[in-house]
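Please look over the protein shown here.

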Amino acid sequence: MHITRVVKTRHEKAVSVYNFHVKDWKSYFVGKANCYVHNGIGKHPENLENINVNYSDMMYKNLKSWANDEADRLSKISKRQREKFNTASIVYDKSTGKCYYGRNNGICINNKFKNPILFGTDKKKGLLPKKSFNRYAVGNCAEVDAVNNALNVGAKLESLYMSTIHTTKSSFGCLKSACENCTYIFKGKIIENFAG
């Protein structure tokens, strides 16, 4: 399939739309802007559980609201503090129904306890890689901050859903896929990362 053009059209009345199905993928990024697309239930219920759609929607709304509040709080401190806030994550614990939030560099900024499951101990290796797979410091990510917050109150990795958004002014609310470090840490260990 080859896309030859894209046209935006505003309709006064509701119109039928169709779900574009990508084999083996429930969600994916489209275009230069990396617009996040999540396959709906449509005629393919086997491809996406209703429960996951509900979690994804709820998590996105809660995360965006939390990130707005955090951005407002940081703006009151200084313009520079607001500019440093570029990523926010939410983790939903399926077993308790609680949400946990994280931001880029959140563990360092707030001097949080580094959970040994992620960071290890003197005697046991944690899930974080020793050396970063990219330009980000290991453990700096919003995803790590959110999961660390959940683990610190007793959550189990296998009960967690995750989602992450950009919080820069130009891309606020756009879903952000996991970096190489977070993919390494969480792939196959949590239920699902809705942002990829």
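Where does T167 lie? T167 is in the loop between β5 (160-166) and α6 (180-186); helices (H or I, at least four residues) and strands (E, at least two) are DSSP runs, numbered from the N terminus. This is a predicted model, in which local features need pLDDT of at least 70, side-chain atom pairs count only at pLDDT 80 or more, and totals for chains, interfaces and linings use all residues. Residues are numbered from 1 along each chain as its sequence is written, and side-chain values use heavy atoms, with hydrogens and water left out.

**Overall fold**
- The protein has six helices and six strands.
- Their order along the sequence is β-β-α-α-β-β-α-α-α-β-α-β.
- Of the 196 residues, 37% are buried (under 20% relative accessible area, 1.4 Å probe, protein chains only).

**T167**
- T167 is buried, with a relative accessible area of 0%.
- A polar atom of the T167 side chain lies 3.0 Å from the backbone oxygen of F85.
- Beyond its neighbours within four places in sequence, T167 is in contact (heavy atoms within 4.5 Å) with A67, R82, F85, N86, T87, A88 and F172.

**Nonpolar cores**
- A nonpolar core is a set of buried Ala, Val, Leu, Ile, Met, Phe, Trp, Tyr and Cys residues joined through side-chain atoms within 4.5 Å.
- The largest has 21 residues, and L118, V144, V147, L160 and F186 have the most contacts inside it.
- α5 (142-151), β5 and α6 each supply at least two residues of this core, and α5 gives the most, with five.
- A second, separate core of 15 residues includes L63, A71, Y92 and I165.

Key: Buried < 20%, exposed > 50% of the residue type's maximum accessible area, 1.4 Å probe, protein only. Polar contact = N/O pair within 3.5 Å; in protein donor to acceptor, adjacent residues only side chain to side chain.
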